[in-house]
Amino acid sequence: MGSVSESIRMVLVDDENLVRAGLRMILESDPRIDVVGECADGRSAVSMVETLAPDLVLMDIRMPLMDGLAASEAILQARPDQKILILTTFNTDDMVLSALRMGASGFLLKDTPPAELMAAINQVAAGRTMLSESVTKQLIAVAGSRPESSRRNEALERLAVLTEREREVAAAMARGCSNQEIADRLFIPLATVKTHIGRVLEKLDADNRVQVALCVFESEAG
């Protein structure tokens with residue numbers, strides 16, 4: 001999906017009926033969003049996504065039958081480009097970190113204000129990654145503060161293939177900077193930033209900004 005002006009077809013996955021009802025009410029206040037399906041467990045989510053091929057999945061973590069992490073992994077294996085936005089009630093949940101590493105587009109806390117929720121959904125639907133300054137960076141920092149030495153070494157080796165400028169861009173991505181903020185910070189044109197980001201993603205074999213951020217933070221830990 002290249003523009004947030006287009007319809008965003010969504011699937012809601014949460015085992016609490018009231019949560020799903022509340023989310024649906026918030027989401028459908030935006031005429032661009034079409035909630036095409038909802039379910040209460042990960043196993044049903046995998047089947048539903050396969051059938052409906054939505055633009056975006058709003059996925060809870062702790063559910064019966066199959067949790068959101070296992071469901072996200074199964075979905076991404078079958079549909080590597082599927083956009084999944086993780087929901088959690090825990091801001092230091094290791095399962096969320098695992099979901100980000102496997103390719104989820106980001107995550108939100110369940111008490112996220114409606115305006116922030118809508119902004120995140122539009123951002124992810126437009127092909128960007130949800131890097132919430134108040135939540136995502138905290139989790140990335142937690143992940144980076146406790147890596148195994150082998151993980152840190154692997155991150156350093158991956159970053160070593162970047163040029164100096166690409167490392168600066170990757171570091172700014174890890175801090176949640178937008179393309180324009182990176183351009184302003186590094187005094188380079190916006191088009192050049194986009195080129196650097198593309199090269200960083202390619203060289204690090206990363207699907208999105210979250211995975212770049214995790215690599216940067218893991219390399220800095222120790």
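Predicted model: local features only at pLDDT ≥ 70, side-chain atom pairs only at ≥ 80, totals over all residues.
Colleague: What makes the five strands an open sheet, and in what order do they come?

Modeller: The order is β2-β1-β3-β4-β5, with parallel pairing. β2 (33-39) and β5 (106-109) stand at the edges with a single partner strand each, so one side of each has no neighbour in the sheet. From one strand to the next, the twist averages 25°.

Colleague: How do you know that β1 and β2 pair?

Modeller: Two strands pair if DSSP finds at least two bridges between them. β1 and β2 have six bridges, in the parallel sense, so they pass that cut-off. Ile8 stands opposite Ile33 in β2, for example.

Colleague: And what joins β3 to its neighbours?

Modeller: Four bridges join β1 to β3, and four bridges join β3 to β4; both pairs run parallel. Leu12 stands opposite Leu58 in β3, while Val57 has Ile84 in β4 as its bridge partner. At the β5 end, β4 (residues 83-88) is joined to β5 by four bridges, again parallel. There, Leu85 stands opposite Gly106 and Thr88 opposite Leu109.

Colleague: What makes β4 "mostly covered"?

Modeller: Buried means under 20% relative accessible area, exposed means over 50%, and partly exposed is in between (1.4 Å probe, protein chains only). Six of the six residues of β4 are buried. In a regular strand the side chains alternate between the two faces of the sheet. In β4, Lys83, Leu85 and Leu87 are buried on one side, and Ile84, Ile86 and Thr88 on the other.

Colleague: Why is β1 called largely enclosed?

Modeller: Five of the six residues of β1 are buried, so the rest of the structure largely encloses β1. For the protein chain as a whole, 48% of the 222 residues are buried.

Colleague: Which helices lie on the sheet?

Modeller: Helix α1 (residues 17-27) lies across β1 (8-13), β2, β3 (56-59) and β4, at about 170° to β2. Helix α5 (residues 114-125) packs on the sheet too, touching β1, β2, β3, β4 and β5, and its direction makes about 155° with that of β4. Angles run from 0 to 180 degrees between N-to-C directions, with axes fitted to C-alpha atoms, for helices over the stretch in contact.

Colleague: Why is the unit of β1, α1 and β2 called right-handed?

Modeller: With the strands pointing away from you, a right-handed path from the first strand over the helix to the second runs clockwise. β1, α1 and β2 make such a β-α-β unit, and so do β3, helix α3 (residues 68-78) and β4.

Colleague: Why are α8 and α11 called roughly perpendicular?

Modeller: Helix α8 (residues 164-174) and helix α11 (residues 209-220) pack at about 105°, with axes 8 Å apart. Angles of 65 to 115 degrees count as roughly perpendicular, under 35 as roughly parallel, over 145 as roughly antiparallel and the rest as oblique. That is why α8 and α11 are roughly perpendicular to each other.

Colleague: What about Asp205?

Modeller: Phi of Asp205 is near 50°, also positive in a residue other than glycine. Asp205 lies in the loop between α10 and α11 and is exposed, with 67% relative accessible area.

Technical notes
Residues numbered from 1 in each chain as written. Heavy atoms only, no water. Helix = DSSP H or I, 4+ residues; strand = E, 2+ residues; numbered from the N terminus. Contact = heavy atoms within 4.5 Å.
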